[in-house]
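Hi everyone, thanks for making time. I'd like to walk through one model today and talk about its salt bridges.

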Amino acid sequence: MVDDRDKERDKGQERPSRPVTAAARRERRASARPAARKDTAPADEKSKSGAKSAADKTDDKAKAKVRGKGKDGEAKSATRGEHKGRPTPARDRKESRPSLFARIARFMREVVAELRKVIWPTRKQMITYTAVVLVFVAFMVVLIAALDFGLTKGVAWLFG
């Protein structure tokens, strides 16, 4: 049993490292996928075997009932032009709108639901964020005031 583990470990070391690019990952996944499922056989093999299960026989009966005859006497496919026995619903039918109060109530319920999804900051995070914003605003005020003062002096000196 210990020998088996050592063999598996050795096999694992021979494998290349994880693929870095998305294309390499797709290629690796594609090579790891099985070609086809083993429990399903292609249609050719089922027809060659000649033996049909009970489910296949019932499917054949259902298909025979659905198929009709075309103009030239051939059987039509069940998927083309099949009517399911009910009329197509009218498209111009207008849905009734709820009342104004019902729409407002629905809006408020959706607002509350969205606010429950929000991850609210803690007090410490709020103080940190506020301090960062105030420092940034103070820096920008000083920068713009300095530029304004400098440009004013430059214009006064130039046009004097």
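I'll start with confidence and then go through the charged pairs.

So, this is a predicted model, where local features need pLDDT of at least 70, side-chain atom pairs count only at pLDDT 80 or more, and totals for chains, interfaces and linings use all residues. Residues are numbered from 1 along each chain as its sequence is written, and side-chain values use heavy atoms, with hydrogens and water left out.

On pLDDT, the predictor's confidence in each residue from 0 to 100, the protein has a mean of 75, and 57% of its residues reach 70 or more. Looking at the elements (helices are DSSP runs of H or I, at least four residues, and strands are runs of E, at least two, numbered from the N terminus), helix α6, residues 123-159, has the highest mean pLDDT at 97. The lowest belongs to helix α3, residues 43-49, at 50.

Now, how many salt bridges turn up in a search of the whole structure? Two, taking a side-chain nitrogen of Lys or Arg within 4 Å of a carboxyl oxygen of Asp or Glu.

One pairs E110 with R106, at 3.0 Å from N to O. They sit four residues apart in helix α5, residues 100-117, so about one helical turn separates them. On accessibility (buried is under 20% relative accessible area, exposed over 50%, partly exposed in between, with a 1.4 Å probe and protein chains only), R106 is exposed at 52% and E110 partly exposed at 41%.

Then there's K117 with E114, closest N and O atoms 3.2 Å apart. Those two are three residues apart in helix α5, so again about one helical turn. K117 is exposed at 59%, while E114 is partly exposed at 46%.
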